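Hi,

Here is the structure I said I would pass on. Have a look at it first, and then read my notes below.

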Amino acid sequence: MSVSKSNNITLVRTLTTSFPCDSISPMDDDSFIVSTIHHQDPVRTITVHGQEGDVQHTGLPDKTYKVGESLCTYIAPHKTVVLTERYTHKVYLCNTESGTCQTVQCAQIREPRGACPGNHGTVFVCNRLTNSVVQISPQGKIVMTHDVGMKFLLAVSLSRDGARLAVSNGHVENTKIKIFTVSS
């Protein structure tokens with residue numbers, strides 16, 4: 001889709017995939033990374049022209065995920081795939097150039113859900129059971145943890161200028177989106 005300066009959305013193209021996917025994140029101007037559902041590869045790529053591809057993911061779990069068990073994003077400056085694994089409370093940071101992968105697992109990460117690239121190569125991950133967003137460095141260290149004051153966190157997104165962080169939840173009776181100011 002295309003979004004104009006006046007916030008009009010125009011459909012550019014519809015892509016059909018050979019596999020169901022749960023999350024999508026841009027890799028570059030022409031391709032996206034997606035988390036898969038019921039597929040032997042937990043993450044795949046798809047171009048704007050519909051060409052599907054594999055991702056170098058040495059170290060990612062060799063398993064098939066059901067709906068809501070795993071989501072992904074991509075940190076372009078570091079060529080890093082981020083995969084959250086909800087029920088094992090893990091976040092994987094996998095470099096697509098070197099093929100290396102590190103696992104982040106700690107008390108602040110409980111049922112990690114959506115993730116998005118942050119400032120300076122970091123990643124923001126929302127956690128359903130701790131009602132918080134954690135920021136993880138490219139080296140896999142927790143930079144900060146912030147309680148966002150709402151339950152059942154589902155998705156997180158950073159504005160293009162890096163100044164605002166939006167967090168949404170998946171609570172049926174009390175759905176919210178909160179927007180926070182990010183200081184450098």
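Before the rest, some housekeeping. This is a predicted model, in which local features need pLDDT of at least 70 and side-chain atom pairs count only at pLDDT 80 or more, while totals for chains, interfaces and linings use all residues. Residues are numbered from 1 along each chain as its sequence is written, and side-chain values use heavy atoms, with hydrogens and water left out.

Back to the pockets. A pocket here is an open set of points on a 1 Å grid over the protein atoms alone, where a 1.4 Å probe fits and protein lies on both sides within 12 Å along at least five of seven lines; lining residues have an atom within 4 Å of a point. Volumes are the space filled by probe spheres set on the points, with grid points joined across faces, edges and corners.

The second largest pocket holds about 250 Å³. Strand 14 (142–147) gives the most to its lining, with 3 residues; strand 13 (132–136) and strand 17 (177–181) each supply at least two. (Strands are DSSP runs of E, at least two residues, numbered from the N terminus.) The lining has 8 nonpolar, 8 polar and no charged residues, where Asp, Glu, Lys and Arg count as charged, Ala, Val, Leu, Ile, Met, Phe, Trp, Tyr, Cys and Pro as nonpolar, and the others, Gly among them, as polar.

The largest pocket has a volume of about 1300 Å³. Of its 39 lining residues, Ile24, Ser25, Pro26, Phe32 and Arg160 are closest to the centre. That lining divides into 21 nonpolar, 12 polar and 6 charged. Strand 3 is one of the elements giving two or more residues to it.

Strand 3 pairs with strand 4 (31–36) over 5 bridges, and Ser23 stands opposite Ser35.

Finally, the cysteines. There is 1 disulfide (sulfur atoms within 2.5 Å), joining Cys94 to Cys101 at 2.0 Å S to S. Cys94 is buried at 1% relative accessible area, whereas Cys101 is partly exposed at 27% (buried is under 20%, exposed over 50%, partly exposed in between, with a 1.4 Å probe and protein chains only).

Cheers

Conventions:
Two strands pair if DSSP finds at least two bridges between them. Helices (H or I, at least four residues) and strands (E, at least two) are DSSP runs, numbered from the N terminus.
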